[in-house]
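Welcome! Please take a moment to look over the sequence and the 3D structure below, and then we can walk through them together.

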Amino acid sequence: MQLTNRSKVVSNKEMTAAEAAYIPAVLKGMAVTLKHFFKRPATVKYPEEQREFSEVYRGKHVLKRDENGAERCTACGLCAVACPAEAITMVADERKKGEEKLYREEKYAAIYEINMLRCIFCGLCEEACPKEAIFLTKEITPSNYEREDFIYGKDKLVEGIEPSLRIDVSKRQDR
Amino acid sequence: METIFLIDKTVIAFIAFAITLLIATYSTYAERKIAAFMQDRVGPDRAGPFGILQPLADAGKFFFKEEIIPDTSNKFLFIIGPGIAMLTALMTSVVIPWGGSLNLAGRDIPLQVADLNIGVLYVFAVVSLGVYGIMIGGWASNNKYSLLGAIRASSQMISYELSMGLALIALIMITGTLSMKEIVEQQHGMNWNIFYQPFGFLLFIICAFAECNRTPFDLPECEAELVGGYHTEYSSMKLGFYMFAEYINMFISSAFMASLYFGGYNFPFMDSLGLSQNAITIIGVFVFFLKIFFFIFVFMWVRWTLPRFRYDQLMRLGWQWMIPLSLLNVFITGLVLLWYDK
């Protein structure tokens with residue numbers, strides 16, 4: 001079946017004199033490169049200029065806080081179970097008296113780590129989460145020198161308390 | 001008189017030297033930019049506006065790199081190799097007529113370091129010395145890749161020098177002189193040699209690519225097969241010297257093609273403008289450099305278009321096509337000259 005009319009039949013015929021002289025083919029090739037010389041470069045000058053991401057881009061994770069500033073995560077472990085790359089690990093702990101401001105429910109994650117070298121950014125953790133605690137953001141995980149530095153703990157994952165530090169994930173919630 | 005003459009020549013030699021180095025430096029920048037544009041990229045643009053300072057940054061990097069001299073190498077030859085490559089590359093610029101003559105304070109100062117009556121022959125002698133820089137460097141490294149690259153370089157340069165010489169013989173039969181100055185002056189106005197020797201020019205430019213070790217004939221340093229060819233073991237400014245010598249060679253052969261075939265500093269309608277001698281000379285120098293830049297561009301253009309020849313293809317092209325064709329060119333030129341003399 002022919003899908004396009006761009007296909008060419010391959011043949012091993014003898015080269016004609018014009019083909020064997022190389023020069024016409026060389027000039028043809030040089031015409032191609034000259035055409036590209038005047039084309040606009042496809043480069044995005046990265047630090048100054050950033051390629052626009054999709055609204056629902058799946059980048060670095062964020063652990064959300066609720067409207068009062070308490071962490072939503074209850075360390076149920078469903079995200080770790082759902083994770084196909086086994087990148088998530090956590091240690092649960094019980095909320096003490098006086099910590100109600102910090103943690104939404106009586107169980108919380110004392111340690112919550114994502115290994116960004118293992119993570120495939122599929123978003124299944126976000127789908128598995130019953131508490132709307134974990135979301136993927138538009139942020140890119142930066143490069144690092146050490147493997148250990150790619151294991152992101154709560155210090156890097158939990159969003160800030162102040163309204164200005166909150167990360168908007170409404171686009172991924174609406175989906 | 002004698003001292004003034006010496007001072008003139010020294011000044012011209014220094015200016016030619018400085019310009020050669022400057023253009024070789026900025027050829028590296030131009031190469032990277034042209035490569036980038038031909039591949040729809042931007043190229044170096046971080047050092048200074050449009051990356052203008054990139055060559056300086058590269059040179060600085062070359063100086064600060066660790067200098068490694070292999071333990072098993074012949075140290076004396078290893079160090080002298082890049083020097084020879086650089087020296088021979090710079091020596092050829094002596095006979096190139098950069099412009100007509102300036103008339104300053106009643107004296108005619110020709111813008112040429114030395115008007116040898118065997119100028120073309122001199123260039124050939126020096127260019128064939130150039131292979132020693134590569135050969136010595138490759139041999140002294142005591143590394144099989146370097147040695148292979150050096151052997152390739154020498155056999156390639158010897159093979160292509162033959163047909164280059166034959167292509168020039170046809171030109172010299174027309175001009176009847178070996179002096180660069182006279183050859184350029186014969187092409188006054190638009191009377192360029194390219195119109196008499198188009199085929200000879202084609203042969204010459206192909207051989208020039210081979211002589212400069214530029215793609216499609218860059219077998220001496222093909223990264224894919226020989227790591228880095230003859231300069232595999234070189235680092236820091238010694239490597240820089242080899243690269244620099246390559247760019248100087250490219251500049252000099254562009255200047256050669258411009259002056260032998262494209263009229264050098266001559267430009268059309270240079271007599272009907274009614275300008276003074278000095279003005280014509282200065283415009284001529286600019287025109288000459290424009291022509292040189294065009295050929296440097298062609299060198300780079302071809303590099304970023306064509307892939308590399310295979311070694312047996314290179315040798316077959318050199319011996320079975322280039323030499324017979326250039327002999328034929330000499331023969332036909334001789335016949336035509338005989339015909340018109342009658």
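This is a predicted model: local features need pLDDT of at least 70, side-chain atom pairs count only at pLDDT 80 or more; totals for chains, interfaces and linings use all residues.

**A guided walk**

Most residues other than glycine have a negative phi. Is D40(B) buried or partly exposed? It has 13 other C-beta atoms within 10 Å, so D40(B) is partly exposed.

Helix α1 of chain B covers residues 2-38, and helix α2 of chain B covers residues 54-64. Their axes come within 9 Å and cross at roughly 105°. Angles of 65 to 115 degrees count as roughly perpendicular, and therefore α1(B) and α2(B) are roughly perpendicular to each other. Where do they touch? From α1(B) come T25(B), Y26(B), T28(B) and Y29(B), and they meet Q54(B), P55(B) and D58(B) of α2(B). Sorted by class, this contact has three nonpolar, three polar and one charged residues.

Step back and take in chain B as a whole. It has 11 helices and two strands. Reading from the N terminus, the order of the elements is α-α-α-β-β-α-α-α-α-α-α-α-α. The radius of gyration of chain B is 21 Å, close to the 20 Å that the globule rule gives for 342 residues, so chain B is as compact as a globular protein of that length. Its C-alpha trace spans about 60 × 50 × 45 Å along the principal axes. Of its 342 residues, 42% count as buried. Among the contacts in chain B with a separation of 6 or more, 79% are between residues 24 or more positions apart.

F121(A) lies in the loop between β3 (107-115) and α4 (124-128) of chain A. Its phi is near 55°, again a positive value in a residue other than glycine. With 16 C-beta neighbours inside 10 Å, F121(A) counts as partly exposed.

As for confidence, the predictor gives the complex an ipTM of 0.76 and a pTM of 0.79. Chain B has a mean pLDDT of 85, with 99% of its residues at 70 or more.

Methods: Residues are numbered from 1 along each chain as its sequence is written. Chains are lettered from A and ligands numbered from 1 in the order in which they are written. Axes are lines fitted to C-alpha atoms, for helices over the stretch in contact, and angles run from 0 to 180 degrees between N-to-C directions. Helices (H or I, at least four residues) and strands (E, at least two) are DSSP runs, numbered from the N terminus. Angles under 35 degrees count as roughly parallel, over 145 as roughly antiparallel, 65 to 115 as roughly perpendicular and the rest as oblique. Two residues are in contact if their C-beta atoms, placed from the backbone, lie within 7 Å. Ala, Val, Leu, Ile, Met, Phe, Trp, Tyr, Cys and Pro count as nonpolar, Asp, Glu, Lys and Arg as charged, and the others, Gly among them, as polar. pLDDT is the predictor's confidence in each residue, from 0 to 100. The radius of gyration is taken over C-alpha atoms; the globule rule is 2.2 Å times the number of residues to the power 0.38. A residue is buried if 20 or more other C-beta atoms lie within 10 Å of its own, exposed if 12 or fewer, and partly exposed in between; C-beta atoms are placed from the backbone.
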